Amino acid sequence: MKKIISSLFFICSFFLVTAQNTGALSGTVTDKNTEETLIGATVLIDGTDIGAVTELDGSFRIEDIPVGSYNISVSFLGYQSITIYNIVITSGNDNIINFKLEDESITIEGAVITVDRSISITTAENPNSIQRLSTEEIKANPGGNFDISRVVQSLPGVAGAIGVGGFRNDIIIRGGAPNENIYYLDGIEVPNINHFSTQGSAGGPQGMLNVSFIEGVTLSTSSMHSKYDNALSSVFQFDQRIGNPNKFQGNFRLSSTEAAITLEGPIGKKITYLASARRSYLEFLFQALDLPIRPNYWDFQYKVNYKLDEKTTLNFIGLGALDDFSFAVPKESSIEKEYILRSNPLINQWSYTQGVSMKRLINDGFINVALSRNMFENRLDKFEDGNDYDEDFRTLKSISQEIENKLRVDVNKYINKWKFSYGGSAQYVKYNNDYSNKISSEVVDPISGEVIQPEININFDSDINFAKFGFFGQVSRRFLKDKLNVSLGTRTDMNTFIDQGMNPFKAWSYRIGTSYVVNDKWTINASTGSYYKLPIYTVLGFKDDSGNFVNKDNQYIQSNHYVVGTEFIPNSSLRFTLESFYKKYNNYPVSVNSGISLANLGGDFGAIGNENVSSIGKGRTYGLEFFAQQKLTKNLFAVFSYTWYKSEFTGMDNEYIPSAWDYGHLVSFNFGYKFKRGWEIGTKYRYAAGAPYTPFDLNASRQNYLITGQGTLDYSQLNQEKLPAFHQVDIRVDKKWNFKKLTLDLYLDITNAFYLQQTSAPYYTWERTEDGTNWLTTDGQPVALDGSNAQPIILENVSQLLTPSLGFIIEF
């Protein structure tokens with residue numbers, strides 16, 4: 001890598017005199033409510049006299065723009081002007097942006113508002129709890145490594161799984177579990193956006209979406225549109241841009257963790273494409289760090305846009321991943337490394353999502369139709385004391401597949417200030433799981449012969465298929481001279497699997513949102529809604545020893561949201577929001593075996609939910625969020641967020657206990673500055689108060705360690721301990737060179753730049769010999785099956801890694 005970087009610096013210096021520092025910007029301008037193209041809209045590059053006017057198809061193209069970062073303004077008679085900030089113009093690739101304008105109807109005391117409020121991203125249906133990230137904000141995020149799952153943790157109410165250790169991308173929204181979020185890619189649902197995902201949950205060490213495809217990401221943490229099903233905490237909407245309609249272009253990215261290539265261009269006059277492939281080098285990073293884990297992945301992504309005619313557009317999208325999580329013996333053995341080597345399962349996964357969507361313009365609106373199929377295969381293997389693939393030592397085997405075939409239809413209309421939509425969805429689901437898990441060995445008192453602990457094994461082969469379907473409606477309108485906005489929504493969901501799944505009132509939900517424009521700078525808002533989620537497939541597919549689906553009596557999980565907030569926009573580039581929220585959960589699955597809520601699980605590798613559960617759990621999360629955002633102004637941009645919250649769930653005892661995600665306080669601060677000559681620097685600080693964790697049951701841990709490879713938690717003290725607070729500072733430096741038809745971006749991204757110590761939940765293990773090959777025992781004899789002569793030890797799980805990522809991006 002050092003040789004490659006040195007060579008690139010030499011090439012840059014040699015060709016710098018030939019650089020032609022101009023680039024191009026193209027895109028479309030449409031009506032936000034009807035998707036109709038706007039002819040004659042003005043597109044201007046702020047601070048210059050460069051601009052364009054949209055043509056008959058709503059498109060525009062601006063060439064010969066000096067390279068650099070700009071804010072782009074768009075205006076059209078009868079519509080609110082908007083500004084898109086921090087658009088980077090390079091000579092290597094055209095930048096393609098699609099603008100959507102809303103009619104200019106909001107007035108204050110009879111006068112049309114003239115302040116540019118485009119920094120606000122609230123809508124009629126989402127009056128609060130909504131944030132948006134642009135592609136440049138994702139790319140330039142320090143420590144983000146182009147990974148959307150990490151970048152969103154800068155937003156209010158969003159955290160990662162801090163206390164579980166490892167390199168994880170779990171997304172915790174307002175204290176809810178990782179599996180309470182759903183993800184949509186151009187209107188097509190994607191079950192998970194991470195490699196090495198935990199089945200039944202989410203997260204993993206690396207995201208799989210290519211940021212080169214992304215035009216923007218919208219996160220709704222409440223007042224979610226009624227067209228979305230199965231979301232308890234949030235909806236992520238990833239908007240992909242279209243490929244360049246004018247010429248072939250692409251980019252190649254190489255870093256210490258991955259290599260990726262993206263290609264795009266036109267196919268004739270009506271078709272554009274985007275395609276990418278990426279291969280990881282994480283195994284080399286961990287090898288360099290002498291860690292025993294070896295994650296390896298590939299992912300692939302494509303989008304084909306086909307404009308059939310002026311009213312009909314087809315989009316074909318695909319996303320796929322191949323994941324292999326294995327282990328290797330470290331050069332220098334330690335008790336910590338030996339624990340990692342023997343405590344985690346081997347993981348082999350692959351997944352894909354394929355879909356086609358059609359958008360058809362109609363009078364005063366449009367229709368969306370989306371047809372998709374996604375499949376996920378997850379294989380887990382685990383063996384006693386790292387004896388991989390020796391069947392005599394096998395403790396876990398799971399070969400599972402989740403398959404969903406989906407059809408979604410929604411009709412959207414905008415008539416006389418009334419905005420309404422309605423539609424439905426249908427799914428055909430297949431799930432199978434060949435599962436065996438040795439939970440514990442039999443332990444017998446050597447004197448009395450009494451069985452102290454029985455042997456417990458779970459074995460089943462599950463194969464289910466069923467249908468899911470739902471219907472929704474949403475309507476919104478402005479009143480009181482357009483100062484008051486009111487939105488109402490409803491939906492119902494049904495399925496053919498659980499006992500009461502066909503009752504349309506069991507999962508009937510509502511949404512109510514309102515906002516009031518106090519003046520051209522202040523808005524107050526409030527919302528409430530009820531949301532439902534079907535229990536995860538691992539729960540539904542679980543069988544008891546008699547082969548019965550014991551969880552068919554489970555119910556839809558319910559979450560009721562209540563939010564009150566305000567938004568203050570003192571000028572066009574500065575935005576403040578303050579919100580308080582309360583979420584109330586019902587029917588949360590609780591483990592019959594351990595007695596704890598499944599809301600506490602999902603931060604480890606493998607799978608959750610393969611057990612008997614009962615829908616008796618409750619939960620509550622509540623808190624306060626503050627957010628401040630300064631868009632690019634005078635070369636500076638910044639984001640600050642603070643969240644205080646509580647997260648509590650009940651188990652079998654019906655007592656509210658802090659959840660695994662009850663961090664209490666979250667702070668994030670991002671700052672960036674763009675210097676001249678293509679230099680840019682950014683820094684990010686994150687803080688989370690101590691994460692709760694559960695201590696070990698020392699007796700049970702001793703008896704079961706040979707089987708499980710890890711300690712047994714004492715759930716009578718669930719989440720009663722606290723870890724130290726989490727602090728991290730990340731720094732990123734970029735330098736761009738623009739040549740005739742090529743741009744080179746060299747970057748250095750340093751994670752944990754200040755070398756801060758980070759603590760996760762401790763490990764339980766036994767002392768080993770110096771070479772790590774055998775257990776140390778109290779009597780010098782081989783370790784007993786019940787661990788009675790083992791030497792237990794509690795390991796502190798402390799890391800202090802400064803991880804630099806040096807890489808480059810070539811645009812061509």
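A residue is called buried when its relative accessible area is under 20%, exposed when that value is over 50%, and partly exposed in between (1.4 Å probe, protein chains only). The model is a predicted one, in which local features need pLDDT of at least 70 and side-chain atom pairs count only at pLDDT 80 or more, while totals for chains, interfaces and linings use all residues. Residues are numbered from 1 along each chain as its sequence is written, and side-chain values use heavy atoms, with hydrogens and water left out.

Asp 482 also has a charged partner. It forms a salt bridge with Lys 417, with 3.2 Å between the closest N and O atoms; the term stands for a side-chain nitrogen of Lys or Arg within 4 Å of a carboxyl oxygen of Asp or Glu. The two ends sit in distant parts of the chain, 65 residues apart: Lys 417 is in the loop between β26 (394–415) and β27, and Asp 482 is in the loop between β30 (456–479) and β31 (484–495). Lys 417 has 36% relative accessibility, so it counts as partly exposed.

A search of the whole structure turns up 38 salt bridges. One of them ties Glu 125 to Lys 419, the closest N and O atoms being 3.4 Å apart. Here 294 residues separate the partners, with Glu 125 in the loop between β9 (111–112) and β10 and Lys 419 in strand β27 (residues 418–440). Both Glu 125 and Lys 419 are buried. Arg 491 and Asp 493 make another salt bridge, with the closest N and O atoms 2.8 Å apart. Arg 491 is buried because its relative accessibility is 3%, and Asp 493 is buried because its own value is 8%. Salt bridges with shared partners also link Glu 189, Asp 229, Glu 404, Lys 406 and Arg 408 into one network.

Now for the strands, which are DSSP runs (E, at least two residues) numbered from the N terminus. Two strands pair if DSSP finds at least two bridges between them. Three strands build an open sheet in the order β4-β1-β7, with mixed pairing. Since β4 (59–66) and β7 (95–101) each have a single partner strand, they stand at the edges, so one side of each lacks a neighbour in the sheet. From one strand to the next, the twist averages 25° (axes are lines fitted to C-alpha atoms, and angles run from 0 to 180 degrees between N-to-C directions). Strand β1 (residues 22–31) runs parallel to β7, and seven bridges join them. Gly 27 stands opposite Ile 97 in β7.

Strand β17 (residues 214–220) is mostly covered, with seven of its seven residues buried. It pairs with strand β10 (residues 130–134) in the antiparallel sense over five bridges, and Ser 134 has Gly 216 in β17 as its bridge partner.

Finally, the surface. Phe 248, Ile 261 and Leu 263 form a nonpolar patch there, with about 240 Å² of accessible area together. Patch members have over 30% relative accessible area and no salt bridge, with like charges joined within 9 Å and nonpolar side chains (Val, Leu, Ile, Met, Phe, Trp, Tyr) within 5 Å. The areas come from the Shrake-Rupley method with a 1.4 Å probe, and for residues only the protein chains shown count as cover. Ile 261 belongs to strand β20 (residues 258–267), and its 36% relative accessibility is why it counts as partly exposed.

Notes
Helix = DSSP H or I, 4+ residues; strand = E, 2+ residues; numbered from the N terminus.
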